[in-house]
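Dear colleague,

Please find below the structure that I am handing over to you. My notes on it follow.

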Amino acid sequence: MGIEVPTDVLTIMIDGLFGFALSAIESWQSVGSPSQDEFSAGLADVAVASIAAISSRYSATPTTRETAEAPAPTG
């Protein structure tokens with residue numbers, strides 16, 4: 001990520017994200033919908049958003065979807 005996240009914070013957040021993913025998978029399996037592709041995409045979206053939120057908390061310049069997609073200034 002190019003930033004320094006304290007190890008204790010990173011460990012807890014990874015454990016939490018892993019627990020969330022397992023619970024979501026169990027829930028999805030019991031319901032049987034949405035489709036596997038839609039479920040996988042949604043799960044990936046949550047994981048990416050979570051990682052982005054953690055990294056922006058410890059970054060000197062917080063990253064949002066808009067700033068991540070904006071072209072770098074020239075000049």
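Which residue takes a positive phi just after α1? Glycine 32 does, with a phi of about 85 degrees.

This is a predicted model, in which local features need pLDDT of at least 70 and side-chain atom pairs count only at pLDDT 80 or more, while totals for chains, interfaces and linings use all residues. Residues are numbered from 1 along each chain as its sequence is written, and side-chain values use heavy atoms, with hydrogens and water left out.

Helices here are DSSP runs (H or I, at least four residues), numbered from the N terminus. Helix α1 covers residues 7-31 and helix α2 residues 36-57. The two pack at an angle of about 165 degrees, and their axes, which are lines fitted to C-alpha atoms over the stretch in contact, lie 11 Å apart. The angle makes α1 roughly antiparallel to α2 (over 145 degrees, on a scale from 0 to 180 between N-to-C directions).

Contact means heavy atoms within 4.5 Å. On the α1 side, the residues that meet α2 include Phe20, Ala24 and Trp28; among their partners in α2 are Phe39, Leu43 and Ile54.

Some residues are buried (under 20% relative accessible area, with a 1.4 Å probe and protein chains only). In α1 these are Ala21, Ala24 and Trp28, and their cover includes α2. In α2 they are Phe39, Ile54, Ser55 and Ser56, with α1 included in what covers them.

Yours sincerely

Definitions and conventions:
Parallel < 35°, antiparallel > 145°, perpendicular 65-115°, else oblique. Buried < 20%, exposed > 50% of the residue type's maximum accessible area, 1.4 Å probe, protein only.
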